[in-house]
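Subject: A structure for you to look at

Hello,

Here is the structure I promised to pass on. Please open it beside this email, and my notes on what turned up follow below.

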Amino acid sequence: MSQKLSRSPATENLAETYFSLGLAVAGAKRHEEIGFSCCLGSLPHPICNFALNLNLDPWSVQRLREIASSSRDFQVYHAPGDTPEEPDSLMRRAGFMPSYRLVQMVAEPAQSSSVHVLEAETEDDRTELARFMIDQFFAHQHSSFRRIVTQATADSGLDIRAIKDGNEITAAMMLCQTDASIGVYNLGVRSAKRNRGIGSHMV
């Protein structure tokens with residue numbers, strides 16, 4: 001097991017969210033090694049093939065490279081609180097290359113707004129809202145992939161909420177609540193209703 005490090009509430013929330021989604025993909029497993037935690041699955045996509053909670057040294061980064069080399073879809077996520085703080089040189093020597101950066105933004109709780117946000121309470125509600133979110137983010141992906149990720153989102157146990165106009169979904173988002181934070185993920189607004197501040201009001 002990795003040494004327990006002091007990570008920010010936002011970083012812990014991110015890890016909880018990624019593992020909740022990844023492990024909801026059929027056949028995916030959580031795997032722990034000295035220096036990292038990872039999710040491994042047969043679906044060729046990073047949703048269930050990734051490593052988090054890094055505490056890397058030259059030995060563990062080589063072991064991570066062995067695992068990553070078995071899947072072209074495997075990604076390693078370095079977050080605040082991981083070690084080393086600047087992993088580029090260590091990881092580049094092992095053959096890893098940076099692909100993108102995700103910016104975490106943190107806000108203090110705000111006053112509630114008048115927007116009525118509905119919580120998905122039934123399995124059918126969760127599937128409907130998950131399908132809406134996946135269609136916003138993966139509209140150009142193959143339908144079989146969208147079905148798998150929709151099912152994983154619905155089965156993840158994460159909180160899914162929406163704004164509706166009658167029976168039509170206007171916007172939806174996924175939340176992950178951990179001890180010290182609530183993370184907002186996959187916030188999507190129907191294309192015809194964008195640029196009206198609906199997403200901001202929902203948050």
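Pro84 sits in the loop between β4 (75-76) and α3 (88-93); helices (H or I, at least four residues) and strands (E, at least two) are DSSP runs, numbered from the N terminus. Before going on, please note that this is a predicted model, in which local features need pLDDT of at least 70 and side-chain atom pairs count only at pLDDT 80 or more, while totals for chains, interfaces and linings use all residues. Residues are numbered from 1 along each chain as its sequence is written, and side-chain values use heavy atoms, with hydrogens and water left out.

Asn53, in the loop between β3 and α2 (58-68), has a positive phi, near 55 degrees, without being a glycine. Asn195, in the loop between β8 (181-189) and α6 (198-202), also has a positive phi, of about 65 degrees, and is not a glycine either.

Next, turn to helix α4 (residues 123-137) and helix α5 (residues 143-155), which pack at an angle of about 130 degrees with their axes 8 Å apart. Axes here are lines fitted to C-alpha atoms, for helices over the stretch in contact, and angles run from 0 to 180 degrees between N-to-C directions. That angle is why α4 is called oblique to α5 (under 35 degrees is roughly parallel, over 145 roughly antiparallel, 65 to 115 roughly perpendicular, and the rest oblique).

Which residues make the contact? From α4 they are Arg126, Thr127, Ala130, Arg131, Met133, Ile134 and Asp135, and from α5 they are Arg146, Val149, Thr150, Thr153 and Ala154; contact means heavy atoms within 4.5 Å.

Elsewhere on α4 you will find Glu128, which is partly exposed at a relative accessible area of 28%. Not counting residues up to four places away in sequence, Glu128 touches Lys164, Asn167 and Ile169. Glu128 and Ala10 are 118 residues apart in sequence and 28 Å apart in space, C-alpha to C-alpha.

**The cores**

The largest nonpolar core has 29 residues, and Val25, Ile47, Cys48 and Met174 have the most contacts inside it. Such a core is a set of buried Ala, Val, Leu, Ile, Met, Phe, Trp, Tyr and Cys residues joined through side-chain atoms within 4.5 Å. Two or more residues of this core come from each of α1 (9-22), β3 (50-52), α4, α5, β6 (159-165) and β7 (168-178). Val25 is in contact with Leu43, Ile47, Cys48, Ile148 and Ala152, leaving aside its neighbours within four places in sequence. A second, separate core of 14 residues includes Cys38, Ile67, Ala68 and Phe74.

Finally, look at Phe36 in strand β2 (residues 36-40). Phe36 counts as buried, at 0% relative accessibility. Phe36 and Leu64 are 28 residues apart in sequence and 8.0 Å apart in space, C-alpha to C-alpha.

Enjoy exploring!

Conventions:
Buried means under 20% relative accessible area, exposed over 50%, partly exposed in between (1.4 Å probe, protein chains only).
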